[in-house]
Amino acid sequence: MGRLIGLAPLSHLELTPVAMIECAALTGFDCVGLRLIPATPDEPRHDSVGDTPLIREVARRLRDTGVQVSDIELFRLQSTTQLDGFRAALETGALLGARNAVVSGQVDDFSQMVDLFAGFCELAAEFDISANLEPTPWAAVDNLASSVRLIEATGRVNAGILVDPIHFDRAGDSVDALAGLPSQYFRLMQLCDAPAERPGRLETLLYQARNERLMPGDGGLDLSGLLRAMPAGIPLSLEVPMRHLAKEMPAVERARRMLEKTRALLASLESDTTVAVPGRSSVCH
């Protein structure tokens with residue numbers, strides 16, 4: 001079985017969860033991520049936690065199409081977070097087949113961050129879900145090193161790191177920093193592209209990351225180097241918000257194009273026989 005490729009919710013925020021599953025099925029994706037908890041106050045909100053009519057329809061469409069759920073998001077760990085408030089979302093994700101949760105560490109106090117993340121890992125483990133830190137340059141857990149430090153401090157076996165190329169680059173991380181890290185830290189990876197020039201202002205960085213990325217291969221990020229450095233075969237989740245293009249191009253066509261570009265990128269890597277990377281089976285969970 002080849003590498004599984006999924007569609008991340010940020011790529012198509014204009015779609016309901018059901019419509020996104022149908023878009024993924026129509027265009028040849030294997031998986032979808034589901035944003036059960038909105039990441040920002042201005043995002044669309046859906047009745048997507050618990051035994052709701054929407055979740056029952058999502059489950060039906062997943063069965064009908066064969067599309068899997070690769071991950072659920074976004075679990076923000078903040079100083080005021082009450083972990084038990086995440087229980088219903090994790091239970092919903094598990095019922096839909098998700099085995100990965102995307103976590104943002106947003107507490108500056110390291111000891112409190114350790115306690116919160118350890119507690120979240122324990123809660124997620126009840127549902128056989130891994131807790132994948134997504135470092136972002138504007139959060140407390142902002143880069144690869146801070147993610148590794150937090151995972152080592154918690155010592156939980158279901159803790160991992162979700163690498164997103166735009167955040168990885170904007171945080172100043174390098175491919176070399178991935179060398180020697182345990183492969184079990186990486187259960188899936190997001191994929192997108194962006195201009196090589198890093199924004200000088202936080203506002204621009206945030207806007208680009210949340211609204212205007214590029215399809216794989218259309219920008220200046222070292223996607224080939226990053227893919228070679230990561231464990232081979234882990235699922236890819238295409239997170240490519242393109243707000244401007246979305247006004248002109250339907251969601252299905254955008255999804256089809258980003259999938260085609262991703263497959264072309266992967267094919268170019270496979271044809272490069274000068275680099276050998278140990279294999280690993282491809283599963284969404």
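Buried means under 20% relative accessible area, exposed means over 50%, and partly exposed covers the range in between, with a 1.4 Å probe and protein chains only. By that rule, Leu-205, Leu-206, Gln-208, Ala-209 and Asn-211 are buried in H7. This is a predicted model, in which local features need pLDDT of at least 70 and side-chain atom pairs count only at pLDDT 80 or more, while totals for chains, interfaces and linings use all residues. Residues are numbered from 1 along each chain as its sequence is written, and side-chain values use heavy atoms, with hydrogens and water left out.

**Overall fold and size**

- The protein has 10 helices and 8 strands, where helices (H or I, at least four residues) and strands (E, at least two) are DSSP runs numbered from the N terminus.
- The C-alpha trace spans about 45 × 45 × 40 Å along the principal axes.
- Of the 285 residues in the protein, 54% are buried.
- Among contacts with a separation of 6 or more, 83% are between residues 24 or more positions apart; contact means heavy atoms within 4.5 Å.
- The accessible surface comes to about 12500 Å², and 50% of this belongs to carbon and sulfur atoms. Accessible areas come from the Shrake-Rupley method with a 1.4 Å probe, and for residues only the protein chains shown count as cover.

**Charge and salt bridges**

- There are 27 positive and 38 negative side chains, and the centres of the two sets lie 3 Å apart. Lys and Arg count as positive and Asp and Glu as negative, with His and the chain ends not counted; the place of a charge is NZ of Lys, CZ of Arg, CG of Asp or CD of Glu.
- Side chains of opposite charge can pair when their charged atoms come close.
- The structure holds 20 salt bridges, a salt bridge being a side-chain nitrogen of Lys or Arg within 4 Å of a carboxyl oxygen of Asp or Glu.
- Glu-22, Glu-57, Arg-60, Arg-61 and Asp-64 are linked in a network of salt bridges.
- Glu-22 is 243 residues from Leu-265 in sequence, and their C-alpha atoms are 24 Å apart in space.
- Arg-257 and Glu-253 form a salt bridge with their closest N and O atoms 3.0 Å apart. Both residues lie in helix H10 (residues 251-270), 4 residues apart, about one turn of the helix.
- An α-helix has 3.6 residues a turn, so residues three or four places apart point the same way.
- Arg-257 is partly exposed at 38% relative accessibility, and Glu-253 is partly exposed at 26%.
- Glu-203 and Arg-201 meet in a salt bridge at 3.7 Å, N to O; Arg-201 is exposed, with a relative accessible area of 52%.

- A salt bridge at 3.2 Å, N to O, joins the side chains of Asp-169 and Arg-198. The pair links distant parts of the chain, 29 residues apart: Asp-169 is in helix H6 (residues 165-170), and Arg-198 is in the loop between strand S7 (189-191) and helix H7 (202-211).
- Asp-169 counts as buried because its relative accessibility is 16%, whereas Arg-198 is partly exposed at 43%.
- Leaving aside neighbours within four places in sequence, Asp-169 is in contact with Ala-196, Arg-198 and Leu-221.
- The buried residues of H7 pack against H6 and helix H9 (243-246).

**Backbone geometry**

- Most residues other than glycine have a negative phi, and most peptide bonds are trans.
- The peptide bond between Glu-73 and Leu-74 is cis, with omega about -10°; Leu-74 is in strand S3 (residues 68-77).
- Asp-128 is not a glycine, yet its phi is positive at about 60°.
- Asp-128 sits in the loop between helix H4 (110-125) and strand S5 (130-133), and it is exposed, with a relative accessible area of 54%.
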